[in-house]
Amino acid sequence: MKRAYVLLLLCLWPVATLADPVFYPAKSGNADAPVLTVYSSLDEPLAQPMIRGFQDANPDIAVKYEDMLTGDIYDRIVRETDAGKKTADFAFSSAMDLQVKLSNDGYAQVSNLPMSAAWPKWANWRNTAYALTFEPAVFVYHKPSFAHEPVPSSRAEFVDYLKRKGNEVYGRIGTYDIERSGVGFLFMARDQEQFGDIWSVIGAMGAAGVKLYSTSSAILERVADGRFVLGYNILGSYAADWASRYPDVGIVLPKDYTVVMSRIGLVPQAAAEPELGRRYLTFFMSREGQTIMARELQIPAVSPEVAGENTANTLQELLGAQLRPVPVSPGLMVYLDQVKRARLIAHWNEVLRTQ
């Protein structure tokens, strides 16, 4: 299990500047081949194996890949659609709430695909928005700091550790700043739904002088060199990259429950070539595409047809009900409501501050 999880690799946090579109000519050599346009928050170098696999199966299609921030994907699709223009043929983003909002607000097409009926129900919203990855939130820890101390493996143990250690670990705990980190906010919102005593966890972190960051790397860098002893609710796929390169970084999937987020793919309503978008989504969901994602992109696959390392099947066999995937549904949009969002952030800051 540890080996499988350490193999995961994904850079969640793209660079602040947008990359130029990357063009992949059709493998058939046809200069006039139809062009599939993709808007994606997955860094283009990481996406290359999937694009190559798709073009191997579809040598008559060229691909234009635009690596974008999650908010920019949403804004651009809405802006282009509302202006009566054509937009991407396929959108792939880690902003689950924004992808579902596109679907719910009529900016995505229904895609009835070969795998639609077999796809997990939690991962399919009306054959319009599909979860394509399976990525747990984890605790990370500095291994030498726990040479003579059990590593917390649940939120109750996490709180107990912070209370017992007191000044010894003050200022050496890290988590996401939910005001600046989209995935951090998503994990906090799910914690509030899943754990009735979550504010005791936040309060304990506040009392321990928790440090807040907008990126995973800022936290993991400090765990790796021992400045931090623990990181809370860190995206496991990114944590595992650090664990594979820095032997002092350890990973725990909390045993009380482990939130699992996903990256969502959809075909925009105003796609220039919607059938090409559906063809790419079909490949993404196929046994071949999901296997490429698990083995070459090192991102856990969702498909029930794919077993082995880095798959939902393997994680579910090992952990069962401990895993709590975030359903692809309109429920994700609750915290896009600015009043509710502001209320949660205000309470978060108040609990941290009053400690």
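In β14, P325 is the bridge partner of V260, and this pairing is a handy place to begin a tour of the structure. The model is a predicted one, in which local features need pLDDT of at least 70, side-chain atom pairs count only at pLDDT 80 or more, and totals for chains, interfaces and linings use all residues. Residues are numbered from 1 along each chain as its sequence is written, and side-chain values use heavy atoms, with hydrogens and water left out.

Strand β12 (residues 258-261) and strand β14 (residues 323-325) pair in the parallel sense over three bridges. Helices (H or I, at least four residues) and strands (E, at least two) are DSSP runs, numbered from the N terminus, and two strands pair if DSSP finds at least two bridges between them. β12 also has an antiparallel partner, strand β7 (residues 135-142), to which two bridges join it. There, E135 has M261 of β12 as its bridge partner. In a regular strand the side chains alternate between the two faces of the sheet. In β12, T258 and V260 point one way while V259 and M261 point the other way, and all are buried (buried means under 20% relative accessible area, exposed over 50%, and partly exposed in between, with a 1.4 Å probe and protein chains only).

Elsewhere, seven strands form an open sheet of mixed pairing, in the order β1-β3-β2-β4-β13-β6-β5. β1 (22-24) and β5 (124-125) stand at the edges with a single partner strand each, so one side of each is left without a neighbour in the sheet. Strands of a sheet pair through backbone hydrogen bonds, either parallel or antiparallel. β2 runs parallel to strand β3 (residues 62-67), joined by six bridges, and L36 stands opposite V63 in β3. β2 also pairs with β4 in the parallel sense, over three bridges; here V38 has F90 of β4 as its bridge partner.

The buried residues of α3 are I73, Y74, I77, V78 and E80. Their cover includes β2 (35-40), β4 (90-93) and α4, where contact means heavy atoms within 4.5 Å. Just after α3 comes G84, with a positive phi of about 75°.

Helix α7 (residues 198-207) has eight of its ten residues buried, so it is largely enclosed by the rest of the structure. These buried residues are I198, W199, V201, I202, G203, A204, M205 and G206. Among the elements that cover them are α5 (155-165), β8 (173-176), α6, β10 (230-235) and α13. G209, which follows α7, has a positive phi near 70°.

R190, in helix α6, counts as buried at 12% relative accessibility. Leaving out residues up to four places away in sequence, R190 touches V259, P325, V326 and P327. R279, in helix α10 (residues 274-285), is partly exposed, with a relative accessible area of 35%. With residues up to four places away again not counted, R279 touches F54, N58, D60 and I61.

Finally, the largest pocket has a volume of about 720 Å³. On a 1 Å grid over the protein atoms alone, a pocket is an open set of points where a 1.4 Å probe fits, with protein on both sides within 12 Å along at least five of seven lines; lining residues have an atom within 4 Å of a point. Grid points are joined across faces, edges and corners, and the volume is the space filled by probe spheres set on the points. The lining of this pocket consists of 34 residues, with T70, A95, S181, G182 and V183 nearest its centre. α3 (70-82), α4 (96-104), α6 (182-194) and α13 (338-354) each supply at least two lining residues, and α6 gives the largest share, seven residues. By class, the lining has 18 nonpolar, ten polar and six charged residues (Ala, Val, Leu, Ile, Met, Phe, Trp, Tyr, Cys and Pro count as nonpolar, Asp, Glu, Lys and Arg as charged, and the others, Gly among them, as polar).
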